[in-house]
Amino acid sequence: MKQADYVIIGAGPAAVAAAETLRSSDINGSIAIISRENISPYSRMALPYFLTGQISQKGTYLRKSSDHYKQQNITLYHATVAGIDAQNKQVALESGGRISYGKLLIATGASPIKPPLPGLDLPGVHHCWTLNDAKAIAERAGDGANIVLMGAGFIGCIILEALMSRGASLTVVEAEDRMVPRMMDDVAGNMLKSWCEHKGMTILTSTRVASVADAGGKLDVTLDSGDSDIVDLVVVATGVKANVDFASDMGLEIEEGIKIDQHMQTNLPDIYAAGDCAQGRDFSTGLWSVHAIQPTATEHGHIAALNMSGRKAAYKGSLNMNVLDTAGLISSSFGQWQGVEGGDSAQSIDAERYRYTNLAFEGDRLIGALTIGRTQNIGILRGLIQSRTKLGVWKTRLMKNPNRIAESYIANTHM
Ligand SMILES: Cc1cc2nc3c(=O)[nH]c(=O)nc-3n(C[C@H](O)[C@H](O)[C@H](O)COP(=O)(O)OP(=O)(O)OC[C@H]3O[C@@H](n4cnc5c(N)ncnc54)[C@H](O)[C@@H]3O)c2cc1C
């Protein structure tokens, strides 16, 4: 049976960050990464750039040198993990083999959800989640192609520009009453909608796809309004779910994802979890949440590896944070942008110029922010929230004019 001191399931950013940290913390330990995708570890975040043709397949790889993992003495296995035998400290592979571990990291990420609608298994209906998905989309999304994008959430908004840039005609269908509903309030979501409409997209909010049917190689998409259209491609971006099913009957505590403590350890000995499959500490609320973004995955992987190699490292929690470039309009949301009971909020709106700032406070501390059209001072917003800076008199000034962010930061760092 194969064995390694450290076995990592998954080959995304959480896994790669963990493997490299393990290598620097434990020079002699054996490290194995198991990935079900038969390809060099790559970044899903790079897929939109692959779709626009700005980068090649190699450009999506997390590490570009072809012998990077060999040089680091990290073994890559291409196999799907079917289960974990925690008692005997082994992972079971779908192919029948087993690999025993000293310490195990589950970094299996998430998978896109397909709503239970007729026709979503037809050729020409794709997620945009893997490199193979992106290749399949590229084949159908040529100049003049008609595309329906289901879902205007974080991932939908990231890929819509890539689809447009291929010369396609795009209709976005979103069930909620605004775009990016989990990241934006009404004002911001509708500003984004208006921006996309001006860019030539059709944005249908409060609308659902009812069914998709074959139309002689094309796809007949019917909406819940009864309207229908013949299109070349349907892209489904309607949410994701943590990849934890293979580990669901072994006593691991699982809610939205695998529950981990501040050392990234699960409730079972010698088993850790990181990234999109893990429900880690939320910096803002102190509760446990899945923050499915790459910076969180990388940080999780790094902290998990330090603890796996015996160096106690505590994680202060991930900040709920999204920065989007939607067809050229930058938007961002941080922390508790919805505000908290008893807290204050301040808004500045310039609808004509697509500018919006919404700040949320608890006492005199900034706890969340939402911006549209702001390319400067985004790092400052994050910094003020994460440092829990007491703003004093600057809270009153920001309530009057939320755009004085940089001044408030400078004033508070020089006090
Ligand atoms: C199109 C797109 C654009 C994105 N853009 C951004 C962005 O701009 N900014 C941002 O912060 N985030 C972005 N994200 C989200 C980001 O990619 C994820 O948060 C990040 O990939 C999570 O990393 P991870 O290592 O936890 O999981 P993943 O990257 O999903 O990696 C999981 C790995 O586990 C493997 N695996 C799963 N199950 C098994 C199994 N049973 N056996 C073996 N291997 C298994 C998978 O094959 C994969 O290699 C984007 C995502 C997509 C799809």
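Analyst: Let us begin with a single contact in this predicted model. A polar contact is a pair of N or O atoms within 3.5 Å. Here, a backbone N or O atom of Gln-294 lies 2.9 Å from an oxygen atom of the ligand.

User: How much of the accessible area of the ligand does the protein cover?

Analyst: On its own, the ligand has 1,000 Å² of accessible area, and the protein covers 95% of it.

User: Which elements give two or more residues to the shell around the ligand?

Analyst: They are helix H1 (13-25), strand S2 (31-35), helix H5 (154-165) and helix H7 (294-308). The largest share, 4 residues, comes from H5.

User: Which residues come nearest to the ligand?

Analyst: Of the 33 residues around the ligand, the nearest are Glu-37, Arg-44, Val-81, Asp-276 and Gln-294. For Glu-37, a polar side-chain atom lies 2.8 Å from an oxygen atom of the ligand. A polar backbone atom of Ile-293 is 3.4 Å from a ligand oxygen atom.

User: What is the make-up of the shell by class?

Analyst: The shell around the ligand has 20 nonpolar, 9 polar and 4 charged residues.

User: What may be said of the chain as a whole?

Analyst: Its secondary structure comes to 10 helices and 25 strands. Of the 415 residues in the chain, 52% are buried, meaning under 20% relative accessible area.

Terms used
Residues numbered from 1 in each chain as written. Predicted model: local features only at pLDDT ≥ 70, side-chain atom pairs only at ≥ 80, totals over all residues. Heavy atoms only, no water. Near = heavy atom within 4 Å. Polar contact = N/O pair within 3.5 Å; in protein donor to acceptor, adjacent residues only side chain to side chain. Areas by Shrake-Rupley, 256 points an atom, 1.4 Å probe, with all protein chains shown as cover. Nonpolar A, V, L, I, M, F, W, Y, C, P; charged D, E, K, R; others polar. Buried < 20%, exposed > 50% of the residue type's maximum accessible area, 1.4 Å probe, protein only.
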